[in-house]
Amino acid sequence: MQRFHLHLVSDATGETLGSVAKAALAQFEGFDAMEHMHAMIRSPKQMELALAAIQRVPGLVLYTLVD
């Protein structure tokens, strides 16, 4: 089984994003995603911290952010 990092970045709880990620992952067999939830991202500083975490363990990024 192939493993990869999946970063979920949301300006809220991330519940909707988690559901979208689960539906997307169901389309592929033989892959195991290590999910990293970055929830309640609402300021530039919080985004900087999320981006730093993504740089430490790179992977796919899914996001739901509203301005």
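User: What is the expected span of a helix, and what makes the reach of α2 close to it?

Analyst: The expected span of a helix is 1.5 Å times one less than its number of residues, where helices (H or I, at least four residues) and strands (E, at least two) are DSSP runs numbered from the N terminus. Helix α2 has 13 residues and reaches 19 Å from its first C-alpha to its last, which is close to the 18 Å expected at 1.5 Å a residue. This is a predicted model, in which local features need pLDDT of at least 70, side-chain atom pairs count only at pLDDT 80 or more, and totals for chains, interfaces and linings use all residues. Residues are numbered from 1 along each chain as its sequence is written, and side-chain values use heavy atoms, with hydrogens and water left out.

User: How do you know on which side of α2 the buried residues lie?

Analyst: The buried residues of α2 are A50, A53 and I54. They cover an arc of only 100 degrees around the axis, taken from the directions from the helix axis to the C-beta atoms, and this puts them on the same side of α2. An α-helix has 3.6 residues a turn, so residues three or four places apart point the same way. The face turned away from the buried side carries the exposed residues P44, K45, L49, Q55 and R56, while the buried residues of α2 pack against β1, β2 (31-38) and β3 (60-64).

User: What is I54 in contact with, leaving aside its neighbours within four places in sequence?

Analyst: Contact means heavy atoms within 4.5 Å, and with those neighbours left aside I54 is in contact with H7, V9, H38 and V61. H7 lies in strand β1 and is buried, with a relative accessible area of 0%. H38 lies in strand β2 and is also buried, at 12%. Beyond four places in sequence, H38 touches H7, L8, V9, S10, A50, A53 and I54. H7 and L60 are 53 residues apart in sequence and 6.1 Å apart in space, C-alpha to C-alpha.

User: What makes a set of residues a nonpolar core, and which residues form the largest one?

Analyst: A nonpolar core is a set of buried Ala, Val, Leu, Ile, Met, Phe, Trp, Tyr and Cys residues joined through side-chain atoms within 4.5 Å. The largest has five residues, namely L6, L8, L17, A21 and A33, and the elements that give two or more residues to this core are β1 (2-10) and α1 (15-25).

User: What is remarked on in the phi of M40, and why is M40 called partly exposed?

Analyst: Most residues other than glycine have a negative phi, and most peptide bonds are trans. M40 has a positive phi of about 60 degrees although it is not a glycine. M40 is found in the loop between β2 and α2, and its 38% relative accessibility falls between the 20% and 50% limits, so M40 counts as partly exposed.

Notes. Buried means under 20% relative accessible area, exposed over 50%, partly exposed in between (1.4 Å probe, protein chains only).
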